[in-house]
Amino acid sequence: MFGPLIAKPGSSRKNKTGSWRIESRPKFLKKDCIACRMCVVICPEGCISGKEKNTFDCDLAFCKGCGNCAYICPKKDIEMVSEEPEAATKNKKE
Amino acid sequence: MNSEKKPLLAPGHTACAGCGQAIAARLVVDAAGPNTIIANSTGCLEVFTTKYPESAWEIPWIHSLFENSAAVASGIEAALRYLGKKETINVIAQGGDGGSADIGLQAISGMLERGQDILYVCYDNEAYMNTGVQRSGLTPFNSNTSTSPAGSVSYGNIRPKKPMPEIALAHGIPYVATATVAFVPDLQRKVKKALSIRGPKYIQVHVPCPLGWRHGPELTLEIAKAAVETGLYPIIEYENGSLIGVRKITPRPVEDYLKSQGRFRHLFKNPEEIKKIQDIANNNIQKYGLAAANQPSQ
């Protein structure tokens, strides 16, 4: 039997792509944030969220560490920091 | 923009880190909103968003073949019209540059010619990235790809980029625009505007590919911006056949765009080839009047 393959909407969430990060991850400094939401808008994974100033953060379970949020931030309030070994292992276990 | 709404393209998709197409696809679907049906061509976007048996899409989405997203969308649009539901539901057909400019061109042309109420979005990453960076009709001049390799007898792709926006425009459709991931509000405004117009619409979005263009994943937006500001990717908007808007630039030298990409690295040993690319940019600047008023064009 070959029929159409139907997948549940948004079921890709079970792929924890955060384990792909090899070098660095974004660190949200939460000091100068003006809640412009540019990081939310341009994240290729769509894994950054936040409401008020200085509340934005990314879901490291999905973040692939591309660094575009740090590039786009007009206040330089996001920096890429070296991937800590324990953070990488934690994501893999999830 | 409804900032608190759930994104309609979920995380967990398998795009490469820094994928420009992943950014653009989410921006397009979020601008279109939840009452949207998407027909997708084969390509990176189809593969990375729907790794079997999962889907990253939060809306009805269908993939059939490489060449027929416009035809599938035409059927969806006709069915919605028959059911009297077309007024409330957007239909989008989308694909990459290969699926749009080469393989799917006939189906797109049919869709545009029949006057169907569909938005076609072409995500232009300038080669067949999904299968290993083969040259497409939208690959730019002198780009090094696996089927247009730079070497002793050529500097890469010998042909210029196919003028897809003009080809779409020649069908006499009400709306044609180009956009880029580098200018987010402009891209989302164009999607919303296109969907508010009845009839066939064509939007081409420039999306850097870190893998195929060989640049660092963190440079996606910087490179997309440089493509516009050098004049190599004009951001233009046509309504009912007239050019109603262009993004004005203070032209930068094309080297600013070429230098960070591996696919153009070979050109830096051959300045006369870079000169040819500068000529393409200058032509664009003149043709579309891209230079800001107080800036002399190069």
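## Briefing: chains A and B of a predicted complex

In the hairpin of strand 7 and strand 8 of chain B, two residues sit between the strands, and B:Asn240 takes a positive phi near 45°. Strands here are DSSP runs (E, at least two residues) and helices are too (H or I, at least four), numbered from the N terminus. The model is predicted: local features need pLDDT of at least 70, side-chain atom pairs count only at pLDDT 80 or more, and totals for chains, interfaces and linings use all residues. Residues are numbered from 1 along each chain as its sequence is written, while chains are lettered from A and ligands numbered from 1 in the order in which they are written.

**Confidence**

- For the complex, the predictor gives an ipTM of 0.86 and a pTM of 0.93.
- Chain B has a mean pLDDT of 94, with 97% of its residues at 70 or more; pLDDT is the predictor's confidence in each residue, from 0 to 100.
- Chain A has a mean pLDDT of 88, and 85% of its residues reach 70 or more.

- Eight strands of chain B make an open sheet with mixed pairing, in the order 2-1-3-4-6-5-7-8. Two strands count as paired if DSSP finds at least two bridges between them.
- Strand 2 (61–63) and strand 8 of chain B are the edge strands, each pairing on one side only.
- Neighbouring strands of this sheet are turned by 20° against each other on average, direction ignored. Axes are lines fitted to C-alpha atoms (for helices, over the stretch in contact), and angles run from 0 to 180 degrees between N-to-C directions.
- Strand 4 (residues 119–124) and strand 6 (residues 201–206) of chain B run parallel and are joined by six bridges; B:Tyr120 stands opposite B:Tyr202 in strand 6.
- Helix 1 of chain B packs on the sheet, touching strand 1 (36–40), strand 3 (90–96), strand 4 and strand 6 of chain B, and its direction makes about 160° with that of strand 4.
- B:Ile236 has B:Val246 as its bridge partner in strand 8, and B:Glu239 has B:Ser242.
- Strand 7 of chain B is also joined to strand 5 (residues 175–180) by three bridges, again antiparallel, with B:Tyr175 partnered by B:Glu239.

**Chain A**

- Chain A has three helices and four strands, running β-α-β-β-α-β-α from the N terminus.
- Of its 94 residues, 37% are buried, that is, 20 or more other C-beta atoms (placed from the backbone) lie within 10 Å of the residue's own.

**Core and contact between the chains**

- The largest nonpolar core has 111 residues, and A:Cys39, A:Ile42, B:Ala24, B:Tyr120 and B:Val205 touch the most other members. Such a core is a set of buried Ala, Val, Leu, Ile, Met, Phe, Trp, Tyr and Cys residues joined through C-beta atoms within 7 Å.
- Leaving aside neighbours within four places in sequence, A:Ile42 is in contact with A:Asn68, A:Cys69, A:Ile72, B:Ile23, B:Val184 and B:Leu221. Contact means C-beta atoms, placed from the backbone, within 7 Å.
- The contact between the chains takes 30 residues from chain B and 28 from chain A.
- On the side of chain B that touches chain A, helix 1 and helix 9 (220–229) are the elements giving two or more residues.

How values were computed: A residue is buried if 20 or more other C-beta atoms lie within 10 Å of its own, exposed if 12 or fewer, and partly exposed in between; C-beta atoms are placed from the backbone. Two residues are in contact if their C-beta atoms, placed from the backbone, lie within 7 Å.
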